[in-house]
Amino acid sequence: MNLLGACRRLMLFVVALGLFHISCTTLAADHPAASQAQENSLAAIQKSGVLRAGVAINAPWVFRDSSGQWSGLEIDLLRQLAQDMNWKLEFVPTTWEHAIDDLRAHRFDLLSSGLSITPQRALLLKFSHPYGDYALGMVVNRQAIGMDDATKLQSGSSHTIGVLSGTVTAATTKDYFGQSKIVEVQDEAQAIKDLRNGKLDGFMAEEPVPTALAKTYANQLRTLDVQTYGRTAHGFAVRRSDDDLLDVINAWLIYQQASGWIRSREDFWIHHAVWVQLMQ
């Protein structure tokens, strides 16, 4: 091969390499999701000034009040976090069935729904430090279930027990009361109505839900003592790649727990039954 031929081949290689680079750049520009994945969530939030929070109904942590506004303990936490970080806050509705998949698909930056921390879920996402832990409880219709019927429910009965679908509580209910009829519900407010009118005999949930409902509707409902069935810890969740965002959330939780502010909001939402009347 002469010198001129070698030069021509080298020039063709350089041109081809440049065209490949342009094609890849164009491809990335044509696919925003790919570009978004390259930029971590904290950098994107700082750039846009907006924190997108995925929210699934789970009162009193997350729910819509009678005016249709988002309310609850975690909603208060999110609003204060956004205010402290000088971010705008955007709520993105999701469901328990799709919440984790929606988070991983970048529909929002963090998941907030009174989510219980479990090692199985940690395979798919990363949890913040817990801000609180809660005992399991059961509230029942007075006419359907007597005070001493917990043992009967365990051994098997014709009673129907509702539980919020996709939750740790749902799995626990099946473990302990699997011989009874377990109904997984999507709409917590409707489940409460069904419990009061007798369509459900019982409703298994994390405290303070059972105690608050029994206190609010004392003539219709009562609680059964099932606290020995366990407790759950709640935290926020981010994608597994979002360590920077998680560091900020954890630092904020430590800061506000030390200040006593989180404790004050938890006292309002967890230790009082006012939220029952606020629900739609």
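**Exercise 1.** Which residues in helix 8 (residues 188–197) are buried?

*Solution.* This is a predicted model, in which local features need pLDDT of at least 70, side-chain atom pairs count only at pLDDT 80 or more, and totals for chains, interfaces and linings use all residues. Residues are numbered from 1 along each chain as its sequence is written, and side-chain values use heavy atoms, with hydrogens and water left out.

Step 1. Helices (H or I, at least four residues) and strands (E, at least two) are DSSP runs, numbered from the N terminus. Buried means under 20% relative accessible area, exposed over 50%, and partly exposed in between (1.4 Å probe, protein chains only).

Step 2. The buried residues of helix 8 are E188, A191, I192, D194 and L195. These residues cover an arc of only 160° around the axis (taken from the directions from the helix axis to the C-beta atoms), so they lie on the same side of helix 8.

Step 3. They pack (contact means heavy atoms within 4.5 Å) against strand 7 (132–141), strand 9 (181–185), strand 10 (202–206), helix 9 (209–216) and strand 11 (221–224).

**Exercise 2.** Find how the rings of F63 and W269 are arranged.

*Solution.* Step 1. Rings of Phe, Tyr and Trp (its six-membered ring) pair if their centres lie within 6.5 Å; planes under 30 degrees apart count as stacked, over 60 as edge-to-face and the rest as tilted. By this rule there are six aromatic pairs.

Step 2. The centres of F63 and W269 are 5.9 Å apart and their planes stand at 80°, so this pair is edge-to-face.

Step 3. F63 belongs to strand 2 (residues 63–64) and W269 to helix 11 (residues 261–270), so the pair ties together parts that are 206 residues apart in sequence.

Step 4. F63 is buried at 1% relative accessibility, and W269 is buried at 3%.

Step 5. W252 and W261 also form an edge-to-face pair, with 6.2 Å from centre to centre and 70° between the planes. W252 is buried at 5%, whereas W261 is partly exposed at 22%.

**Exercise 3.** Where does pLDDT stay under 50?

*Solution.* Step 1. pLDDT is the predictor's confidence in each residue, from 0 to 100. The protein has a mean pLDDT of 85, and 82% of its residues reach 70 or more.

Step 2. The stretch is residues 10–37, for which the model has four contacts beyond four places in sequence.

Step 3. Where pLDDT is low, predicted coordinates should not be read in detail.
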